[in-house]
Amino acid sequence: MTVRQSIVFNGDLGSGKSTVSVEIAKRLGLRRVSVGDLYRQMAQERQMTALQLNLHAELDQAVDGYVDQLQRDIAASGESLVMDSRLAWHFFTDALKVHMITEPSEAARRVLARPSGPAESYTSLEEARTKLRERSESERGRFIVRYGVDKARLRNYDLVCDTTRANPEQVISHVIDVYEGRLGADVLRAGRPLLLLDPNRVYPTEDVSTLRGLWDADAAAEAADSGDEPEPLSIGYTGEYFFVVDGHRRLSAAVRAGLPMVAARLVAEVDEPVVGGISAVDYFTAQARPGLIHDWEDAHGITLPLPEHALLGGGPVLAGEPGTGA
């Protein structure tokens, strides 16, 4: 069993970082530090909202400077702990770096439902969604300018968890399994990150009708009941959408079994090549056509928002064969 020193969490607002990190710290007997709590306290002291403090921090480096030094000092101390911070992955080296994501409307619902304070309150779902997006974009731009790092790049992390349909216990269990080396070790050795994705939010790039054995009677049951670690899907990421490069049948089985998360490895993101020098963005644009997406939805009883390129009419079919989906 391989155990790293610390676990650092970052990710989407409303993705469950606080809930998960608090419980993991308890179970592992580690101290937990929340930079988000510190920022909210700073905002309250300045009679600002959290978004206002983020925008102020774009102009006043002292806001980030204090928190940055705190994180550097903690990282240098060698203490094993759980850190809830949207930049700790940049300061910590010997740590499991966990990035948590969730569907934006679900994140807004969660934030709206929890007790609000003077630094963070919303009057509607749409306001919550809008302000969460603005806060995230403000942070991302600030980090790129100030530190030269992009928090949206998945290669920064060891583990990416989509918590849209997963309950806290499922997420906690998976994170501890990865931390203690029982899950995803082969993927991490080959090149991070390990992805734990909501199968209902992953787009196909292959026609449903071409997938031999897609509707095998036992496939979904095996996906739900197997105690063995399944072969990870091969996934591409555009910066907004996850899509299958190889593993359509395994993805289909996970959807039909109602699994909240499925394991995957990242093949390419954004401008990285998927095959033949074709970037993840261009591959997805060419392969994920409206009719293909609609057929996948109909076959599985799910809804996938049409990407912008599909709304505009899609793109040409790429030459060559996509993944076999085996």
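**Note on the salt bridges of this predicted model**

1. Arg189 and Asp186 form a salt bridge (a side-chain nitrogen of Lys or Arg within 4 Å of a carboxyl oxygen of Asp or Glu), with their closest N and O atoms 2.2 Å apart. The two residues are three residues apart in helix 9 (residues 185–190), about one helical turn. Both Arg189 and Asp186 are exposed, that is, over 50% relative accessible area, where buried means under 20% and partly exposed lies in between (1.4 Å probe, protein chains only).

2. The model is predicted: local features need pLDDT of at least 70 and side-chain atom pairs count only at pLDDT 80 or more, whereas totals for chains, interfaces and linings use all residues. Residues are numbered from 1 along each chain as its sequence is written, and side-chain values use heavy atoms, with hydrogens and water left out.

3. Glu231 pairs with Arg265 in a salt bridge whose closest N and O atoms are 3.4 Å apart. Glu231 lies in the loop between helix 10 (219–225) and strand 8 (233–237), and Arg265 in strand 10 (residues 262–269), so this pair ties together parts 34 residues apart in sequence. Helices (H or I, at least four residues) and strands (E, at least two) are DSSP runs, numbered from the N terminus. Glu231 is partly exposed at 48% relative accessibility, as is Arg265 at 28%.

4. Salt bridges that share partners join Glu23, Arg27 and Glu169 into one network. Within it, Glu23 and Arg27 have their closest N and O atoms 2.9 Å apart, and both lie in helix 1 (residues 17–28), four residues apart.

5. By the stated rule, the count comes to 21 salt bridges.
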